[in-house]
Amino acid sequence: MAIPRGVAPEKFRTDNGIVWEKSNELVPYPIALSRMEETVREIRANGAQERIWLLEHPSLFTAGTSAKEADLFNPRGYPTYPAGRGGQWTYHGPGQRVAYLMMDLSHPHGPVPERDLRAYVSFLEQWIIATLARLGVKGERREGRVGVWVVDARTGEEAKIAALGVRVTRWVSWHGISINVDPDLSAFDGIVPCGIKEFGVTSLRKLGVTASMEQVDAILVEEWDRLIAT
């Protein structure tokens, strides 16, 4: 699938064989999915370089393999797409940093042993938590709930600030993480996010953090480097 100019990712860094890319305009989901599939094939067949792709999507909902139709309301009529990753319904939209990682898990990555999916997912969660900590936000794991959660000190309310969904094809991973920087949180009302009704969603902006997307990106890169070296 051809990628329009502006949407096409631009390489901004290569380190330890990993190419870091960023798209400066909103990336339609089918384009992102097609490109991830192509990259995974190239890594498997030709040993192509691994990639971390930073982007934002237009407003849409994606369904993981466990998604339930009853958890989709969609009053605004956003496009919906099957994602093929694990998990349930997720919202993506402007103001949310998405990082898609295409990694060959048949090789170790820092503290992540080869072919250890559980350790890889834990590493991604720690990456998010470390990035949030740099911004003064305490992110936490919750037993039985995928993603990263925070407690708003002003209200005492617990909410999800980052989602995680991974698919692995012959030990090459794709999909990845999303962090709510400053999205329209009311858009999440169109689904039961990740199938969890008891808790809401939040963002850095709602928590009073005014970091720009560029600042978040810079911290993501720095914390990746730090964690992968441990």
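Buried means under 20% relative accessible area, exposed means over 50%, and partly exposed lies in between, with a 1.4 Å probe and protein chains only. The model is predicted, so local features need pLDDT of at least 70 and side-chain atom pairs count only at pLDDT 80 or more, while totals for chains, interfaces and linings use all residues. Residues are numbered from 1 along each chain as its sequence is written, and side-chain values use heavy atoms, with hydrogens and water left out.

**Exercise 1. Salt-bridge network**

Task: Which residues are linked with Arg145 in a network of salt bridges?

Solution. 
- Step 1. The search of the whole structure gives 17 salt bridges.
- Step 2. Arginine 145 pairs with glutamate 158, with the closest N and O atoms 3.0 Å apart. Since arginine 145 lies in strand E9 and glutamate 158 in strand E10, the pair ties together parts 13 residues apart in sequence. Both arginine 145 and glutamate 158 are buried.
- Step 3. Lysine 138 pairs with glutamate 140, the closest N and O atoms being 3.7 Å apart. Lysine 138 is exposed, at 63% relative accessible area.
- Step 4. The network consists of Lys138, Glu140, Arg142, Arg145 and Glu158.

**Exercise 2. Nonpolar cores**

Task: Which members of the largest nonpolar core touch the most other members?

Solution. 
- Step 1. A nonpolar core is a set of buried Ala, Val, Leu, Ile, Met, Phe, Trp, Tyr and Cys residues joined through side-chain atoms within 4.5 Å.
- Step 2. The largest core has 40 residues, and Ile52, Leu124, Trp127, Leu204 and Trp224 touch the most other members. Elements that give two or more residues to this core include strand E3 (50-55), helix H2 (117-134) and helix H3 (213-228).
- Step 3. With contact taken as heavy atoms within 4.5 Å, leucine 204 touches residues including Leu132, Ile161, Val209 and Val216, residues up to four places away in sequence not being counted.

**Exercise 3. Positive phi**

Task: Compare the places and accessibility of tryptophan 171 and histidine 175.

Solution. 
- Step 1. Tryptophan 171 is not a glycine, yet its phi is positive, about 70 degrees. Tryptophan 171 sits in the loop between E10 and E11, and is partly exposed at 27% relative accessibility.
- Step 2. Histidine 175 also has a positive phi, near 65 degrees, in a residue other than glycine. Histidine 175 is in strand E11, and is buried at 2% relative accessibility.

Definitions and conventions:
Helix = DSSP H or I, 4+ residues; strand = E, 2+ residues; numbered from the N terminus. Salt bridge = Lys/Arg side-chain N within 4 Å of Asp/Glu carboxyl O.
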